[in-house]
Amino acid sequence: MTGRPWWAANEVLAFVLELAALACLSWWGFHAGDGDLARQLLPAVGIPALAIALWGLFAAPRARIRLPRAGVLAVKAVVLGGGAFGLYRVGHPAAAVTLAVVMVANTALAETFRHKPAPGKQHRPGPGADEAAERDG
């Protein structure tokens with residue numbers, strides 16, 4: 001992590017946003033339930049549990065099933081976007097939009113950091129690269 005403080009800060013923010021999405025999903029689920037406490041707790045626990053299962057299977061760093069990048073981003077959009085949508089549904093549209101914008105920016109930065117070499121690790125052609133370049137072109 002030395003030399004990459006922005007990457008580390010963005011990863012911490014990503015984790016906080018994931019927790020916020022789960023909290024918003026739970027809050028929405030609690031408000032979506034009807035009647036007695038048991039009927040309110042089922043969606044309040046079930047909706048975030050489903051999100052956790054999706055994340056663990058497909059989007060977590062150690063996911064059980066490796067999807068292509070587009071698939072991982074789709075799962076992240078469903079879970080994180082679901083959290084923002086849940087916040088909207090409980091009556092906080094401005095907070096939901098703000099949360100969604102931060103989530104999109106965080107995910108975009110994470111993808112940029114993930115596919116950019118660390119400082120000092122720039123791509124250097126290996127031995128014989130000059131000969132291959134001359135051959136190819």
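1. A nonpolar surface patch of about 300 Å² is formed by Val12, Leu13, Val16 and Val102, in what is a predicted model, where local features need pLDDT of at least 70, side-chain atom pairs count only at pLDDT 80 or more, and totals for chains, interfaces and linings use all residues. Residues are numbered from 1 along each chain as its sequence is written, and side-chain values use heavy atoms, with hydrogens and water left out.

2. Helix H1 gives the most to this nonpolar patch, namely three residues, and Val12 is one of the residues lying in H1. With a relative accessible area of 53%, Val12 is exposed (buried means under 20%, exposed over 50%, and partly exposed in between, with a 1.4 Å probe and protein chains only).

3. The structure holds one aromatic pair, and because the ring centres of Trp28 and Phe85 are 5.3 Å apart with their planes at 90°, the pair is edge-to-face (centres must lie within 6.5 Å; planes under 30 degrees apart count as stacked, over 60 as edge-to-face, and the rest as tilted). Since Trp28 belongs to helix H1 (residues 5–32) and Phe85 to helix H3 (residues 69–89), the pair ties together parts that are 57 residues apart in sequence.

Definitions and conventions. Rings of Phe, Tyr and Trp (its six-membered ring) pair if their centres lie within 6.5 Å; planes under 30 degrees apart count as stacked, over 60 as edge-to-face and the rest as tilted. Helices (H or I, at least four residues) and strands (E, at least two) are DSSP runs, numbered from the N terminus. Patches are made of residues with over 30% relative accessible area and no salt bridge: like charges are joined within 9 Å, nonpolar side chains (Val, Leu, Ile, Met, Phe, Trp, Tyr) within 5 Å. Accessible areas come from the Shrake-Rupley method with a 1.4 Å probe; for residues, only the protein chains shown count as cover. A salt bridge is a side-chain nitrogen of Lys or Arg within 4 Å of a carboxyl oxygen of Asp or Glu.
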